[in-house]
Amino acid sequence: EPEVTQTPSHQVTQMGQEVILRCVPISNHLYFYWYRQILGQKVEFLVSFYNNEISEKSEIFDDQFSVERPDGSNFTLKIRSTKLEDSAMYFCASSEIANSPLHFGNGTRLTVT
Amino acid sequence: GESVGLHLPTLSVQEGDNSIINCAYSNSASDYFIWYKQESGKGPQFIIDIRSNMDKRQGQRVTVLLNKTVKHLSLQIAATQPGDSAVYFCAEISGGYNKLIFGAGTRLAVHP
C-alpha cells in the first residue's frame with residue numbers, strides 16, 4: 001500500500017539554525033499538509049498546500065515557516081530560525097481529493113537545543 | 001469557534017470486551033469526520049470516516065456513530081485486542097480545503 005515517507009526520522013539542531021524537513025507524499029495525491037505534535041499533546045494543523053500554493057495556514061505557521069514542493073515528488077517544511085518551542089514531532093500528510101482521508105507519515109522528531 | 005474534544009482521556013478495557021470512545025464537536029458546519037489511531041512513535045493511522053449525511057458506518061470490528069443533533073461522535077471497537085492499545089483521535093473537516101482539526105485524544109489500554 002502506498003505510504004507517506006518522511007526524512008529524517010530525528011533531527012537535532014541548535015536554536016537559531018535552519019532546518020528542512022522532507023516528505024514524499026503519496027504519488028497521486030493532490031493535497032499536502034504539515035502538522036505538528038508537541039509531546040503528549042494533540043496533533044495541530046500547520047499548513048495545507050494545493051495547486052502549488054498554500055491554501056490555508058494556522059497561527060503557528062508564522063514567517064519563520066515555509067513550505068515548498070520543489071519537484072513532482074517532494075514536499076518540504078523549512079523553519080528558518082528554530083526556537084526551543086519548535087521541538088515537536090512534525091507530520092506530513094497527503095490526501096487524494098478534498099474531503100477525503102489524510103494519510104500521515106511517521107513523522108520527524110525535531111529537537112532544538 | 002471550532003473545537004473538537006473528547007470526554008475521557010483514558011479508557012481501560014479487558015481483552016475481548018467492546019470499547020466505546022466518545023468525542024464532542026462544536027462546529028455544526030463540519031461535514032466530514034475521521035477517527036485516527038496513533039501508536040507510540042508513529043503517525044496517525046486512518047481507521048474509519050463518516051460524512052454528515054450519515055449517522056452510522058461500519059468497518060472491520062469498528063463502527064462510527066454520528067449524532068448531529070448533539071454534535072457527538074463515537075467509535076466502537078468490537079472484541080478489543082491488545083493490538084488496539086493506542087491513542088485514538090477524532091478529527092473534523094469543514095470547508096473546502098480539507099483542513100483537518102484533531103481532538104485531544106483518548107488513550108485506550110487493553111488488559112489481558
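View 1. A:Ser100 is placed in the loop of chain A that runs between strand 9 (88-95) and strand 10 (103-104), where helices (H or I, at least four residues) and strands (E, at least two) are DSSP runs numbered from the N terminus. The model is predicted, so that local features need pLDDT of at least 70 and side-chain atom pairs count only at pLDDT 80 or more, whereas totals for chains, interfaces and linings use all residues, and side-chain values use heavy atoms, with hydrogens and water left out. Residues are numbered from 1 along each chain as its sequence is written, while chains are lettered from A and ligands numbered from 1 in the order in which they are written. A:Ser100 has a relative accessibility of 8% and therefore counts as buried (buried means under 20% relative accessible area, exposed over 50%, and partly exposed in between, with a 1.4 Å probe and protein chains only). The side chain of A:Ser100 reaches the backbone oxygen of A:Ile97 at 2.6 Å. When neighbours within four places in sequence are left aside, A:Ser100 is in contact with A:Ser95 and, across in chain B, with B:Tyr32, B:Arg51, B:Ile93 and B:Asn98, contact meaning heavy atoms within 4.5 Å.

**View 2. The interface of chain A and chain B.** On the two sides of this interface, 21 residues of chain A are in contact with 23 residues of chain B. The two chains bury about 1800 Å² between them, of which 54% is on carbon and sulfur atoms; buried area is the accessible area (1.4 Å probe) that two parts lose on being put together, summed over both. Between chain A and chain B there are 5 residue pairs in polar contact, with both residues at pLDDT 80 or more. A polar contact is a pair of N or O atoms within 3.5 Å; within protein, one must be able to donate a hydrogen and the other to accept it, and residues adjacent in sequence count only if both atoms are side-chain atoms. On the side of chain A that touches chain B, the elements giving two or more residues are strand 4 (31-37), strand 5 (44-50), strand 6 (53-57) and strand 9 of chain A. Strand 4 of chain A gives the most to this side, with 4 residues. The residues on that side of chain A divide into 11 nonpolar, 8 polar and 2 charged (Ala, Val, Leu, Ile, Met, Phe, Trp, Tyr, Cys and Pro count as nonpolar, Asp, Glu, Lys and Arg as charged, and the others, Gly among them, as polar).

**View 3. The salt bridge between B:Lys99 and A:Glu56.** Between chain A and chain B the count is 1 salt bridge, a salt bridge being a side-chain nitrogen of Lys or Arg within 4 Å of a carboxyl oxygen of Asp or Glu. The side chains that meet in it are those of B:Lys99 and A:Glu56, at 3.6 Å from N to O. B:Lys99 is buried, with a relative accessible area of 18%, whereas A:Glu56 is partly exposed, with a relative accessible area of 27%.

**View 4. Salt bridges within each chain.** Over all chains, the structure holds 5 salt bridges. In chain A, A:Glu44 forms a salt bridge with A:Arg36, and the closest N and O atoms are 3.2 Å apart. A:Glu44 counts as partly exposed at 23% relative accessibility, whereas A:Arg36, at 10%, counts as buried. In chain B, the side chains of B:Lys42 and B:Glu39 meet in a salt bridge at 4.0 Å from N to O. B:Lys42 is partly exposed, with a relative accessible area of 42%, and B:Glu39 also counts as partly exposed, at 26% relative accessibility.

**View 5. The disulfide of chain A, A:Cys23 to A:Cys92.** The count comes to 2 disulfides over all chains, a disulfide being a pair of cysteine sulfur atoms within 2.5 Å. The one shown here joins A:Cys23 to A:Cys92, with an S to S distance of 1.9 Å, and its link is left-handed, with -65° about the S-S bond. This pair links distant parts of the chain, 69 residues apart, from A:Cys23 in strand 3 (residues 19-24) to A:Cys92 in strand 9 of chain A. A:Cys23 is buried, with a relative accessible area of 1%, and A:Cys92 counts as buried at 0% relative accessibility.

**View 6. The disulfide of chain B, B:Cys23 to B:Cys90.** B:Cys23 is joined to B:Cys90 by a disulfide with an S to S distance of 1.8 Å, and the link is right-handed, with 55° about the S-S bond. B:Cys23 lies in strand 3 (residues 19-25) and B:Cys90 in strand 9 (residues 86-93) of chain B, so the pair ties together parts that are 67 residues apart in sequence. B:Cys23 is buried, with a relative accessible area of 1%, and B:Cys90 counts as buried at 0% relative accessibility.
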